[in-house]
Amino acid sequence: MTDTPTRKRRLSLAPLKRLPSWSVLAAGTLVGGLSGGGYGMLTPPTYTATSYVVAVPTGKTEVNSALGFAQAYGRVATQLTVLADARERAGVPVRTLQRSVQAATSPDAPMVAVSATSSRPGLASDMANAVSRALTRQANAAKGSTHVQLVQFSKASKPTEPTSASSKVTAVVGACAGGLLCGLALLARPRRTRRDDDPAPAASVPGPAAAADARGRR
């Protein structure tokens with residue numbers, strides 16, 4: 001009596017075990033694609049604007065010196081002193097600037113790129129321009145001792161296209177991830193072994209010709 005539920009459960013799982021591997025991969029790919037596409041549609045797009053400032057040597061300062069100061073100003077651009085100075089012009093709190101603004105420099109050119117990301121295109125350009133202006137003011141306040149000044153090279157314009165991935169791209173990524181995970185699960189699943197209650201394989205019975213042959217040899 002206690003074996004009846006177990007047998008029923010095994011019988012109910014039997015059709016699932018007989019499913020081909022390609023159906024599991026197809027289901028995982030479909031679920032992953034739908035999940036990725038839904039994520040891309042529900043997530044608001046983000047826009048990125050970039051402003052450029054360049055370090056220019058004053059007097060007899062060498063170009064290599066300006067390049068070194070540009071690297072230093074790139075690290076200072078996201079510091080609290082610069083962001084606090086840019087807060088009023090950007091119209092957002094300092095915490096928002098800390099999350100949204102990044103600075104990058106080039107090893108070959110004395111230039112600093114200040115980028116800002118936001119869900120609103122106009123706010124992204126305002127933050128990038130505000131931080132670059134604040135950095136320029138603070139750098140030029142010390143140009144008497146550094147002999148290097150920062151000059152606005154290019155202002156950040158209002159972006160027209162989002163920089164975040166579209167729903168089509170997220171759907172493709174989700175489909176690939178779902179198919180990959182299902183494939184790994186199929187490879188890692190344990191192989192089916194014969195249980196004690198499984199029917200034993202039928203013994204082979206010799207055919208009539210073989211039986212007659214054996215009697216003749218006697």
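Reply: Two strands count as paired if DSSP finds at least two bridges between them. Helices (H or I, at least four residues) and strands (E, at least two) are taken as DSSP runs and numbered from the N terminus. The model is a predicted one, in which local features need pLDDT of at least 70, side-chain atom pairs count only at pLDDT 80 or more, and totals for chains, interfaces and linings use all residues. Residues are numbered from 1 along each chain as its sequence is written, and side-chain values use heavy atoms, with hydrogens and water left out.

The chain contains nine helices and four strands. Read from the N terminus, the order of elements is α-α-β-α-α-α-β-β-α-α-β-α-α.

The strands form an open sheet of four, in the order β2-β3-β1-β4, with antiparallel pairing. Its edges are β2 (101–105) and β4 (148–154), each of which pairs on one side only. On average, neighbouring strands of the sheet are turned by 25 degrees against each other, direction ignored; axes here are lines fitted to C-alpha atoms, for helices over the stretch in contact, and angles run from 0 to 180 degrees between N-to-C directions.

Inside the sheet, β1 (residues 47–57) pairs with β3 (residues 111–118) in the antiparallel sense over eight bridges. Thr48 has Thr117 of β3 as its bridge partner, and Ala49 stands opposite Ala116 in β3. On the other pairing, β2 and β3 run antiparallel and are joined by five bridges, with Ala103 opposite Val114 in β3. These two strands form a hairpin with five residues between them. Six of the eight residues of β3 are buried, so β3 is largely enclosed by the rest of the structure. Buried here means under 20% relative accessible area, exposed means over 50%, and partly exposed lies in between (1.4 Å probe, protein chains only). For the chain as a whole, buried residues make up 29% of the 218 residues.

Val53 is in β1 and is buried, with a relative accessible area of 1%. Leaving aside neighbours within four places in sequence, Val53 is in contact (heavy atoms within 4.5 Å) with Pro110, Met111, Val112, Ser132, Leu135, Thr136, Leu150, Val151, Gln152 and Phe153. One of these, Thr136, is 83 residues from Val53 in sequence but 7.7 Å away in space, C-alpha to C-alpha. Pro57, also in β1, is partly exposed, at 28% relative accessible area. With neighbours within four places set aside, Pro57 touches Glu62, Ala66, His147 and Val148.

His147 lies in the loop between α7 (143–146) and β4. The residue is partly exposed at 40% relative accessibility. Its phi is positive, about 60 degrees, although it is not a glycine. Most residues other than glycine have a negative phi.

Apart from neighbours within four places in sequence, Val131 is in contact with Ala77, Val82, Leu83, Ala86, Leu97, Val101 and Val114.

Helix α6 also packs against α4, at an angle of about 130 degrees and with the axes 8 Å apart. The two helices are therefore oblique to each other: angles under 35 degrees count as roughly parallel, over 145 as roughly antiparallel, 65 to 115 as roughly perpendicular, and the rest as oblique. Their crossing is right-handed; a crossing is left-handed if the near helix is turned anticlockwise from the far one by less than a right angle, and right-handed if clockwise. The residues that meet include Val82, Leu83 and Ala86 in α4, and Met127, Val131 and Leu135 in α6.

Over the chain, among contacts between residues at least 6 apart in sequence, 78% join residues at least 24 apart.
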